[in-house]
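My notes follow, in the order I looked things up.

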Amino acid sequence: MTLTLVSDGDRGESGERRASLFDDPKIVAEVQELVNDQAPRLFAVVRETFEPEDVQVAAWGMTTRKGVEVFPVHGGAHMSLQSAENALIFFRAGGRAVPRVVWVGGDGGK
């Protein structure tokens, strides 16, 4: 991830350029590290069915500092939950499907 600075307020009233903390490359690097450390993680809830054999993405989710937000793919209300794993109970499809959490950017379960 790279930091892109966008600002429309970096000019003073007389048009002079204001000094910014972001003029210092060290500050930019520290802010980038802060953003990377606090970035939400993304995941999918996938359902495996056995008759017929199939795997479908049922929902997308995002971690936050307070929990997770889950958005079903085919509409419906989004959910605010304490963990990604808590979303699994909502996607069992009457017991005919096995839901799993798959993290975006994961390494196949490793």
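Which residue in S3 does Gly 61 stand opposite? I looked it up: Gly 61 faces Val 70 in S3. I keep in mind that this is a predicted model.

Next I checked the pairing around that spot. S2 covers residues 53-64, and six bridges join S2 to S3. The two strands run antiparallel. S2 and S3 make a hairpin, with two residues between them.

I then turned to the burial of S3. The strand spans residues 67-72, and five of its six residues are buried. I used under 20% relative accessible area as the cut-off for buried.

On to S4, residues 79-81. Three bridges tie S3 to S4, again antiparallel. I found Ser 80 in S4 as the bridge partner of Glu 69. The S3 and S4 hairpin has six residues between the strands. Gly 75 in this hairpin takes a positive phi near 85°.

I moved to another pair, S1 and S5. S1 holds residues 42-50 and pairs with S5 over seven bridges, in the antiparallel sense. Ala 44 stands opposite Val 102 in S5.

Last, I put the whole sheet together. Five strands form an open sheet, and I read the order as S4-S3-S2-S1-S5. The pairing is antiparallel. S4 and S5 (97-103) are the edge strands, each pairing on one side only. On average, neighbouring strands of the sheet are turned by 30° against each other, direction ignored.

Conventions:
Residues are numbered from 1 along each chain as its sequence is written. This is a predicted model: local features need pLDDT of at least 70, side-chain atom pairs count only at pLDDT 80 or more; totals for chains, interfaces and linings use all residues. Side-chain values use heavy atoms; hydrogens and water are left out. Buried means under 20% relative accessible area, exposed over 50%, partly exposed in between (1.4 Å probe, protein chains only). Helices (H or I, at least four residues) and strands (E, at least two) are DSSP runs, numbered from the N terminus. Two strands pair if DSSP finds at least two bridges between them. Axes are lines fitted to C-alpha atoms, for helices over the stretch in contact, and angles run from 0 to 180 degrees between N-to-C directions.
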